[in-house]
Structures are given as structure tokens and as C-alpha cells.
Amino acid sequence: MNPNIPDDTQAADMAFTLALHPDYRILRRLQPKQVFADAPHGRRLLKGIVLDTETTGLNTSLCKVIELGMILFEFDPETGQLHRVLKVFDELEDPGVPIPPETTAVHHITDDMVRGKRINDHEVQSMLAEASVVIAHNAPFDRPFVEQRWPVFEDKHWACSIKDIDWKAEGLGSAKLEYLLQTQGYFYDAHRAEMDCWALLELLNMVLPQSQQPVLLHLLETLNQPQVRLSALGSPFDTKDLLKARGYRWDGDRKTWYRSLSSEKVLEEEINWLKQKVYAGKRASVEVEKLGGTLRHSQRQGEKSIVSL
């Protein structure tokens with residue numbers, strides 16, 4: 001052992017001492033937990049999956065999954081309490097094309113690592129069959145990729161730990177998973193599927209600072225709320241920066257700006273904002289697309305209607 005590097009006991013003592021000082025905060029490496037809490041006798045527990053993917057790029061139509069990570073866990077649907085980890089899955093897959101260097105720079109997965117490999121379809125389907133909910137940190141990215149590769153994901157209810165929680169309202173300046181874990185005193189090696197799943201599982205065990213509600217319970221309560229996708233049809237070109245700052249994204253195929261809303265409750269407020277700020281009170285129309293429980297955070301189409309302003 002290097003005499004200049006403290007052993008685990010010495011390091012723990014040093015960290016404890018430093019943490020007592022008001023001018024310092026200590027980050028500890030995240031250690032995956034197999035058990036979060038003992039299950040109370042007689043309680044009905046459900047199973048969920050946290051999921052993360054690594055891909056060859058961002059475009060769902062052109063890019064492929066090269067790593068899938070999933071953790072199956074038990075939880076109490078009434079309290080949002082996590083209990084046991086039941087299964088851990090992480091496999092690589094050869095996309096059949098070279099992995100772009102810019103994506104390898106992010107997740108460090110190389111062509112040599114995936115060559116000749118294929119993710120076990122039976123294992124994925126078997127594990128998914130046990131789960132009542134799938135949770136991802138940025139589900140609008142992960143869900144279309146896994147649905148394209150494994151259509152069985154289409155039938156599941158999904159929650160997103162970015163989109164389904166107003167982190168700003170909770171007093172937190174970023175929704176990035178690394179940042180949120182740092183507020184809990186942890187760091188981890190990000191951008192590999194399994195480790196990101198362990199980080200997300202730890203996040204689900206967190207209590208939201210303002211609402212004082214467990215993260216998992218909050219997400220479970222969003223499952224039956226229909227998501228709404230609002231498209232600002234024919235918006236003036238000079239309002240693009242305003243729309244982008246508001247959280248709208250550009251759909252190049254349809255040539256329109258759109259935004260996903262967490263529920264119908266905020267729809268009226270958003271339509272009024274568009275009428276005043278984007279269309280300046282002039283006659284215009286917007287498209288409202290309602291996405292039910294199994295369509296939330298997907299790219300599949302829901303029930304559409306046109307609303308005149």
C-alpha cells in the first residue's frame with residue numbers, strides 16, 4: 001500500500017472530521033444497495049424497473065442501442081418506500097455499424113467491446129413481465145430507443161425522473177442525475193448503463209426538499225395523469241428563441257415547435273401564454289395531443305385536436 005494514501009478507516013475518519021466543518025461538504029462514492037428497507041409483514045409490494053441505455057447517437061430513427069441496463073426492485077405503492085433489489089441486468093450489443101467517436105467519448109464504449117454481442121431478448125422480456133412501472137432519467141430519450149428494439153416496452157407505464165418532477169420548484173438548480181446525487185452527498189462514474197441505474201435507484205429513495213415527499217411516490221402519482229403534447233402551429237419565426245427558452249423543441253419533420261406538459265392542469269395556462277407572447281393576440285391555432293398512461297414519454301401518437309386561439 002502507498003504510505004501516502006490513507007487506508008479506508010483513516011479516510012473515513014478524515015472525511016467525518018472534515019464534514020463537521022461548516023465550510024466543507026463531503027462527497028462519497030455511491031455504493032449500490034441491495035436492501036433499502038425491510039418489508040413490513042402483510043404489505044402488498046409491487047415491482048418496478050429503473051432503466052438506462054447507451055446508444056450510438058441521439059436520433060432514434062438512425063441510431064441503435066449498444067448497452068441496456070435495468071434493475072428490478074420491490075416497492076410499496078402506498079408509501080413509495082423502496083425495499084429489495086431483485087435482479088440486475090446489463091448487456092452490450094453490436095449495432096452493426098461503427099460507433100461514432102463523439103459518442104464513445106461520452107460513454108467509453110468501443111467497437112471492440114460490442115463486437116459480436118447481442119442483448120438477450122428473452123431476459124429483457126422476462127424481467128419486464130414482472131414490472132408494473134418502468135422509470136428512466138430522461139424517459140423521452142430512452143423509451144423510443146427500447147420500444148424500437150423491444151416493442152414489449154410499449155405496453156408498460158413509464159415515469160421520468162426529469163420531466164415528471166419540477167426540480168426547480170423543489171429548490172434544486174439542475175435536473176442532471178449527477179448533480180441531484182451530489183446534493184445527497186454522493187458521486188459516481190456516470191454514463192454507463194448499470195451505474196446510472198444504481199444512481200437513479202438511489203435518487204428514487206430521496207425525499208424531495210420542499211414537498212417532503214419520496215421521489216418514487218411522487219412519480220407513481222403521475223402515472224395516471226395524461227401527458228399533453230402542445231404544438232405551436234405556424235408560430236412566427238422571430239419567436240423561436242422565446243419558445244426555446246420556454247422549453248419547446250423543434251420538430252423538423254412537422255416544422256413546428258412543441259412542448260410536453262406534465263398534465264392537462266397546466267394546458268390552459270400554457271395556451272394563454274402562447275396567445276399573448278407568441279401569437280400576440282392574433283388569430284391562430286395550436287395542436288393538443290393527449291397521451292395516456294402507456295404513451296407518456298413515447299414518440300407514438302395520441303388523441304389529437306386543434307384549438308383555436
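Trainee: In this predicted model, which residues of the largest nonpolar core touch the most other members?

Mentor: The model is a predicted one, and its largest nonpolar core holds 33 residues. At least two residues of this core are supplied by each of β3, β4, β5, α6 (177–183), α7 (193–204) and α8 (215–222). Those that touch the most other members are Val 50, Phe 73, Ile 135, Trp 167, Leu 201 and Leu 204.

Trainee: Which element gives the largest share of this core?

Mentor: Among the elements that each supply at least two residues of the core are strands β3, β4 and β5 as well as helices α6, α7 and α8. The largest share amounts to 7 residues, and the element it comes from is α7.

Trainee: What is the strand order of the open sheet of 5 strands, and which strands stand at its edges?

Mentor: The sheet is open, its pairing is mixed, and its order reads β4-β3-β2-β5-β6. Neighbouring strands within it are turned against each other by 25° on average, with direction ignored. Because a strand at the edge has a single partner, one side of it is left without a neighbour in the sheet, and the strands in that position are β4 (82–92) and β6 (158–160).

Trainee: Which residue of β6 is the bridge partner of Ala 136?

Mentor: Strand β5, which covers residues 133–136, pairs with β6 in the parallel sense over 3 bridges. Within β6, the bridge partner of Ala 136 is Cys 160.

Trainee: At about what angle does helix α5 run to β2?

Mentor: Helix α5, made of residues 139–149, lies across β2 (46–55), β3 (65–75), β5 and β6. Its direction relative to β2 is given by an angle of about 85°.

Trainee: Is Asp 76 buried or exposed, and which backbone nitrogen does its side chain reach?

Mentor: Asp 76 is found in the loop between β3 and β4, and it counts as buried because its relative accessibility is 3%. Beyond its neighbours within four places in sequence, Asp 76 is in contact with Arg 43, Arg 44, Leu 45, Gln 81 and His 83. Its side chain reaches, at 2.9 Å, the backbone nitrogen of Glu 78.

Trainee: What distance separates the C-alpha atoms of Tyr 258 and Val 286?

Mentor: Tyr 258 belongs to strand β10, residues 256–261, and it counts as buried at 17% relative accessibility. Leaving aside neighbours within four places in sequence, its contacts include Arg 229, Leu 230, Tyr 248 and Trp 250. Although Tyr 258 and Val 286 are 28 residues apart along the chain, the separation of their C-alpha atoms is 9.6 Å.

Trainee: What phi value does Gln 212 have, and what is that of Ala 280?

Mentor: Gln 212 is found in the loop between α7 and α8, where it is exposed with a relative accessible area of 55%. Ala 280 has its place in the loop between α10 (267–278) and β11 (285–291), and it is exposed with a relative accessible area of 53%. Neither residue is a glycine, yet phi is positive in Gln 212, near 55°, and in Ala 280, about 50°.

Notes. Residues are numbered from 1 along each chain as its sequence is written. This is a predicted model: local features need pLDDT of at least 70, side-chain atom pairs count only at pLDDT 80 or more; totals for chains, interfaces and linings use all residues. Side-chain values use heavy atoms; hydrogens and water are left out. Two strands pair if DSSP finds at least two bridges between them. Helices (H or I, at least four residues) and strands (E, at least two) are DSSP runs, numbered from the N terminus. Axes are lines fitted to C-alpha atoms, for helices over the stretch in contact, and angles run from 0 to 180 degrees between N-to-C directions. Contact means heavy atoms within 4.5 Å. A nonpolar core is a set of buried Ala, Val, Leu, Ile, Met, Phe, Trp, Tyr and Cys residues joined through side-chain atoms within 4.5 Å. Buried means under 20% relative accessible area, exposed over 50%, partly exposed in between (1.4 Å probe, protein chains only). A polar contact is a pair of N or O atoms within 3.5 Å; within protein, one must be able to donate a hydrogen and the other to accept it, and residues adjacent in sequence count only if both atoms are side-chain atoms.
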